[in-house]
Amino acid sequence: MKTCLVVDDSRVIRKVARRILEELGFEVAEASDGAEALAWCRVVMPEAVLVDWQMPVMGGLDFLRRLRLEPGGQTPKVVFCSVENDLDRIREALDGGADEYIMKPFDGEIMAYKLAAAGVAA
Amino acid sequence: MTPGERAFVAWLCEQRAGLAVDADKAYLLESRLAPLARREGFGSVGELLQALRDREEEQLVWSVVEAMAQRDAIFLRDPPVFALLRDQVLPRLARQREGEAIRVWCAAAGSGQEVYSLAMMLADAPIAGARVELFASELAERQLEKAQSGLYTQFEVQRGLPARMLVRHFEKTDEAFTLSARIRQMVRWRRVNLIDDLSRLGQFDVVVCRQVLPAMTPDARSRALAGLTGATASGGCLVLDAGCETPAGYRPLGVAGVFAAEAEARAAA
């Protein structure tokens, strides 16, 4: 079973994302900021990461840059999931190495389309 | 809605568009028609239908049929179909047509997601040596208007559309997303009812018609299919729903629902 790490400082969003991802057939792990997520990835590299942009301690873009420098850090598909819906900002995330981008709010169908577009299926 | 009202709506849909509407599905009918009744200023679906019988206004009749004809719209539905068109079908046609325009028709193009997916794909990866002309048609006036405006909600642009295509081809205006004029101008639109005589539309090298045939009555479906195959040029390609059987004179192309018109078989027919 493939693992998706959900990184968001909102417990509610993590819960919603977990439910959807489990329905899609993923095993789900959670982290509440980029630093925690990075620590998690150093132990077990997940197949996919769903990451918020604005978070305390370490934001999504910082996390992504550091993840890509880790051994094996190129392999996870990283999908941003943020309330930010400005196209220049979305471009910034994609240029920063994100594989896909979800604008909140999202539902199960959107999540499935975006994971497929990122090239990761459960 | 009374059983009589539901039967009346089902009859209208079949008469006007060949749509098979199950009059027993009370919830479906109500959920499609209640928003229409509100929009048109009626107190209930019953009042809307009464006005429709009294006034015999064509526009109102069509708005009811259109409401029942609504389909789920997503970008790049079944990505392998688009990949096949881009990587095999269109390059092959380009070689055969030798510089002549390749005509593609998206029949029942709804609010534009399918034909614009093709347009964006061609803008991102032009077919070498090919000039592709995109035509799109739709029955519903409201859908046609929406499609031509190129305006989509945040929810709509996240259904099937990869983020990189979004940032490349859309602009954000307030909370909506507008498809660039460059992509919109690649497509020519017109209103077409698939149960009408389609021969006046001419011939196309690729004909795409998905999500409509399964919703039709058997009679209307064979009539529409005959129109669509008639509009497909010899040696062309027909794209139907994944579950569709191979039409006579066609052969499957390896992706469900995609068929090649066999030039010899058609010439003999």
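Predicted model: local features only at pLDDT ≥ 70, side-chain atom pairs only at ≥ 80, totals over all residues.
I take a polar contact to be a pair of N or O atoms within 3.5 Å; within protein, one must be able to donate a hydrogen and the other to accept it, and residues adjacent in sequence count only if both atoms are side-chain atoms. Residues are numbered from 1 along each chain as its sequence is written, chains are lettered from A in the order in which they are written, and side-chain values use heavy atoms, without hydrogens and water.

**Entry 1: the interface**

Between chain B and chain A I count 12 residue pairs in polar contact, both residues at pLDDT 80 or more. On the side of chain B that touches chain A, helix H8 (163-169) and strand E4 are the elements that give two or more residues; helices (H or I, at least four residues) and strands (E, at least two) are DSSP runs, numbered from the N terminus. H8(B) supplies the largest share of that side, four residues.

I looked up contacts (heavy atoms within 4.5 Å) and found 18 residues of chain B against 20 residues of chain A. The buried area, that is, the accessible area (1.4 Å probe) that two parts lose on being put together, summed over both, is about 1,600 Å², with 54% from carbon and sulfur atoms. In chain B, the residues losing the most area to chain A are B:Gln158, B:Arg164 and B:Val167, together 40% of what that side buries.

I find one salt bridge across the interface, defined as a side-chain nitrogen of Lys or Arg within 4 Å of a carboxyl oxygen of Asp or Glu. It joins A:Glu109 and B:Arg159 at 2.6 Å, N to O.

**Entry 2: aromatic rings**

Rings of Phe, Tyr and Trp (its six-membered ring) pair if their centres lie within 6.5 Å; planes under 30 degrees apart are stacked, over 60 edge-to-face and the rest tilted. I count 10 aromatic pairs over all chains. The ring centres of A:Trp53 and A:Tyr101 are 6.3 Å apart and the planes stand at 65°, so I record the pair as edge-to-face. A:Trp53, A:Phe80 and A:Tyr101 form one aromatic cluster.
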